[in-house]
Amino acid sequence: MNTFYALYDTYDWSDVLDSIYAKTTADVHTALAKEHRNLEDFKALISPSAKPFIEDMAQKSAMLTKKRFGNTVQIYAPMYLSNFCSNHCTYCGFSIHNKIKRRVLTTQEIRREMQYIRAKGYEHILLVTGEANNIAGVEYLEEAIKIAREMFVNVSIEVQPLSQEEYARLIDAGLYAVMVYQETYHKEEYPKYHLRGKKSDFRYRLETPDRMGQAGIHKIGLGALFGLEDWRTDSFFVALHFKYLQKRYWKTKYSISFPRLRPHEGDVEPKVAMSDADLVQLVCAYRLLDEDLELSISTRESDVFRNHIVQMGATTISAESRTNPGGYTVDPESLEQFSINDTRSTEEVVETMMSIGKEVVWKDWEHFQNF
Ligand code: SF4
């Protein structure tokens, strides 16, 4: 099957990086003046030359977001099913070499956690696992999705990459969306962060969204982990990946997430810093590239930042997240994948969103429109 890898392979990381940093003020003016922007415009908008224009970008982004999404903000809850993992990723607390207590939720525990989340009002749940096929494989995921569909309208997953057939099977079980982040698109540096396990296969991971598209997943979530390599270059490749997928799997919806490296067990320091202003610039640049794209900001970010970014272009937020299996009711003290930043309760987040004029949508936006 022809995949994104063929297109990706025609690009060189250093050339892309140089071309972004070579963008001028005139390029930014051109990009801002356009009604429809291409990837070269996107490069200009994420370049250092666009920094003095962040205010302009934020205004345009807010306007486009309002036009497409009204005053809404989607809210969802992540739920960790398992922290078993066969990979060694240098930036993650669940890494196989970390001597932590491992847990995979039983059917009964899954129900208990879900009932707690549902009682908070959520209709959209994101099921998360480490990558351990022998412990939380497709059968386990299928069962968890079926239970989730008894209570939730939208079920998304963020788990190990699967085959096309396995995605199709999970769609039959009620799966709606899949998040899979490449972490970094820098092929030469990628092995330094992914030392062991299936995730060390750069190409297999890169081709995962193609397998989802072929299987007919309704929504695909992309992203890079900021802190590993140059965030501008990684963001360009995320945009390239998105544009490729959008053209090829045109019935599918897309979302982009913006994880910045957070403290975790066995800490690594971010190699590359990304400031709050950088993240605002990036969120707005994606909005100016595509009006329909969902832009998601998790509890890795602070309450203050999240309250602001939903007014500039972000459409989706999580709340009251636990990043450990059983973290809501079953085993609140088990080790988190990473520590969260915004620790507000669901009620507090909803109240704040309403106070800044946002209508909270508990289902996925598309379902909100259709039901
Ligand atoms: S990032 Fe994912 S694959 Fe890597 S160690 Fe953590 S849970 Fe496992």
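In this predicted model, Thr-25 lies in helix α3, which covers residues 25–33. With a relative accessibility of 40%, Thr-25 counts as partly exposed, because that category takes in values between 20% and 50%. Once the neighbours within four places in sequence are left aside, Thr-25 is in contact with Ser-49 and Phe-53. The C-alpha atoms of Thr-25 and Ala-44 are 8.3 Å apart in space, while the two residues are 19 positions apart in sequence.

Ala-44 belongs in turn to the buried residues of helix α4, a group that also holds Leu-39, Asp-41, Phe-42, Lys-43, Leu-45 and Ile-46. Seven of the eight residues of helix α4 (residues 39–46) are buried, and the helix is therefore largely enclosed by the rest of the structure. The elements against which these buried residues pack are α2, α3, α5 (54–69), α12 (231–248) and α13.

Helix α2, one of these packing partners of α4, spans residues 13–21 and contains Asp-18. This aspartate has a relative accessible area of 48% and is partly exposed. On the surface, Asp-18 gathers with Asp-12, Asp-15 and Glu-188 in a patch of negative charge.

Charged residues also take part in pairings, and the structure holds 29 salt bridges. In general terms, side chains of opposite charge can pair when their charged atoms come close. One of the salt bridges is formed by Glu-142 and Arg-169, whose closest N and O atoms are 2.9 Å apart.

Arg-205 lies in helix α10 (residues 202–206) and Glu-183 in the loop between β5 and α9, so the pair ties together parts of the chain that are 22 residues apart in sequence. Both Arg-205 and Glu-183 are buried, and for Glu-183 the relative accessible area is 8%. The backbone of Glu-183 also deserves attention, as this residue has a positive phi of about 70° although it is not a glycine. Most residues other than glycine have a negative phi. Glu-320 likewise is not a glycine and has a positive phi, of about 50°. Its place is in the loop between β10 (316–318) and α15 (346–355), and at 8% relative accessibility Glu-320 counts as buried.

The loop between β5 (177–179) and α9 (190–193) also contains His-186, which counts as buried at 11% relative accessibility. Beyond its neighbours within four places in sequence, His-186 is in contact with Tyr-8, Trp-13, Phe-202, Glu-229 and Asp-234. Glu-189 forms a salt bridge with Lys-192, the closest N and O atoms lying 3.0 Å apart. Glu-189 is buried, with a relative accessible area of 16%. Elsewhere, salt bridges link Lys-101, Arg-103, Glu-109 and Asp-331 in a network.

Glu-291 is placed in the loop between α13 (276–289) and β9 (294–297). At 25% relative accessibility, Glu-291 counts as partly exposed, because the limit for a buried residue is under 20%. Apart from neighbours within four places in sequence, Glu-291 is in contact with Leu-64, Lys-67, Arg-68 and Phe-69. Glu-291 and Gly-313 are 22 residues apart in sequence, and their C-alpha atoms are 9.5 Å apart in space.

Val-361, finally, has its place in strand β11 (residues 359–361) and counts as buried, with a relative accessibility of 1%. A separation of 12 Å lies between the C-alpha atoms of Val-361 and Val-153, two residues that are 208 positions apart along the chain.

Definitions and conventions. Residues are numbered from 1 along each chain as its sequence is written. This is a predicted model: local features need pLDDT of at least 70, side-chain atom pairs count only at pLDDT 80 or more; totals for chains, interfaces and linings use all residues. Side-chain values use heavy atoms; hydrogens and water are left out. Patches are made of residues with over 30% relative accessible area and no salt bridge: like charges are joined within 9 Å, nonpolar side chains (Val, Leu, Ile, Met, Phe, Trp, Tyr) within 5 Å. Accessible areas come from the Shrake-Rupley method with a 1.4 Å probe; for residues, only the protein chains shown count as cover. A salt bridge is a side-chain nitrogen of Lys or Arg within 4 Å of a carboxyl oxygen of Asp or Glu. Lys and Arg count as positive and Asp and Glu as negative; His and the chain ends are not counted. The place of a charge is taken as NZ of Lys, CZ of Arg, CG of Asp or CD of Glu. Helices (H or I, at least four residues) and strands (E, at least two) are DSSP runs, numbered from the N terminus. Buried means under 20% relative accessible area, exposed over 50%, partly exposed in between (1.4 Å probe, protein chains only). Contact means heavy atoms within 4.5 Å.
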